[in-house]
Amino acid sequence: MSDDPLRSVDLRKTYFTKGTPPVEALAGVTMSVRSGERVALLGRNGAGKTTFLKIASTLLRPTSGQIEVFGHDVSTHPDRARPYIAVVPQEGKPFFHLGPREMIYTYLRARGLSRETSKARTEEAIERMNLTEFADRLCITLSGGQRQRTMVATVIATQAPLLFLDEPTIGMDPFARREVWASLRDLTTKGSTILLTTHYLDEAEALSHRLYIVERGRVLVSGTADDLKRSVGGTLKVSLPEGAPQAETFRSFGETVVDGPSLTIIVHPERLGELMELALARSLTATVGPVTLEEAFLRVVGRNIDED
Amino acid sequence: MRTDPPQALVRPTRPFRGTAAFLWTEVLVQAHESLAMATAMVTQTVLLVFVYILNPGLIGVALIGATLFSSFALGQRVLNEAAYIRIDHKANDLYLAGPMSPEGYFLGMATGILVVYIAPIALLGTLAVVVGHLNVVTSLLLVGLAGLVWLFAASIGYIFSTFFRDNRAIWAYASLFFNVFGVLPPVFYPFGYFPPALQPVALLMPPSAAAALLQSRIGVTALSTGQVELAAVGLVVETLVVFVLAVFWARRTVRGP
């Protein structure tokens, strides 16, 4: 038994549907999330992120393997794990015929919080998520982004020890996303732990202490965003807009990507000077920038697809 | 930074936890949908008008039937609501992945819908008492039987809701199920009008069983002791079995396959 908020060992899930071949959604996921951490699960559509989150949040049975929430076995005793968790479901929507204030308050009451606590936390969440202006308007009249903010506010207000957020900022504008990030950071400083999935890699980088990249039900890489960027062979990216015809010359510096006439090279900082001199000698224009998490993600997952 | 969550935050889930809170949630949701509330009595009112035009002497029986049918029809609302929340909003995941009990979610939804529609049902019941000159015992029997019919229908409605993956299919099947079993059998008309060969079946269907018991009580229908026992025991047993099954099913279906 572990004291970690979340721990899974060789977790597997296979979907069996009559008349179609079995689909292996999780093929042995081993991972842990430590107390107070914000961890992001990244992966392509159908990689297994939501399946993992659903099993961890007691909403789906695993086929085999072990998964624990605060030491409670989710497979055998989901009722013991549930008091510790709160979930923003993927594509979840608030009740359309409630306002955000009613939605958050009644949800907290349904979780067993007292009237006073529910009221105080509702007001705090409304203010925090910038919902004050339309807190009493029915959700059916709100925009998609405002509804999503209501969902996130509802779950954040629980201050549950372990939060699962499945694409929590989908459909939100950049300001609203940053409000969510600030709220989630605040929650973890108070002791909550967060596991989220997202397709916004800037969000994953800005928000997460650690990342897991999942592909076809397996964890490909885990670590910090910097670890991941380093894993692709360098932290800098040199773009040569007319460099494609000379790609072979630059291959020794690191991974190269040809896209039309342009060439991109991933390079370690210590070899940057040498590369720039060579580019200059060949009269090539070069721009240098940091490798982004998105580029690292594309390479890590792309390599795996190529290998398969 | 703490390593363990404070226990005050983490109360264990107990049976039916969250029922009252979800009842209130459902009341608020339904109360904001006044059009849905207005349409709740359409079928009953239309049938009452037909009965009154064709045979005004049966309006007392029809009013009893309308009260029972209204309780039964709430099952359709539970079915629609549970499926809508699950399929369209995925809000059931929000509630069930937490300390709220699954049976509290089901019962809170069912009672919330009952509370919202209780006024029109009570109006029909009151008219049945006044027009049919029902005494206190018969009136209380009407209330009790309507309650059993509601619990049966709400439980069946919740169980059925879990089998659907698409709301479009629900509209057709739910309407078919609740209208066929609530209108075709002798609920709005005397039990004796129903083909004798099919009468035992009608006595095993909660809405018509309750109607037959009340019609027997006010002397409109003559039931044998065996028929009374079949209707009464059948209604109670079916309701309890379906309710227990709904509680079990609510717990069972929190997690997918």
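How many bridges join strand S7 (residues 162-166) of chain A to strand S8 (residues 193-197) of chain A? Five bridges join them, and the two strands run parallel. Within this pair, Leu165(A) has Leu196(A) of S8(A) as its bridge partner. Strands are DSSP runs of E, at least two residues, and helices are runs of H or I, at least four residues, numbered from the N terminus.

The model is predicted: local features need pLDDT of at least 70, side-chain atom pairs count only at pLDDT 80 or more, and totals for chains, interfaces and linings use all residues. Residues are numbered from 1 along each chain as its sequence is written, while chains are lettered from A and ligands numbered from 1 in the order in which they are written.

In chain A, six strands form an open sheet with mixed pairing, in the order S6-S7-S8-S3-S9-S10. Strands pair if DSSP finds at least two bridges between them. S6 and S10 (218-223) of chain A each have a single partner strand, so one side of each lacks a neighbour in the sheet.

In chain B, the axes of helices H7 (residues 136-161) and H10 (residues 206-217) come within 9 Å and cross at roughly 175 degrees. Axes are lines fitted to C-alpha atoms, for helices over the stretch in contact; angles run from 0 to 180 degrees between N-to-C directions. H7(B) is therefore roughly antiparallel to H10(B) (angles over 145 degrees).

Between the chains, 33 residues of chain A are in contact with 35 residues of chain B. Contact requires C-beta atoms, placed from the backbone, within 7 Å. H3(A) gives the largest share of chain A's side, four residues.

Technical notes
Angles under 35 degrees count as roughly parallel, over 145 as roughly antiparallel, 65 to 115 as roughly perpendicular and the rest as oblique. Two residues are in contact if their C-beta atoms, placed from the backbone, lie within 7 Å.
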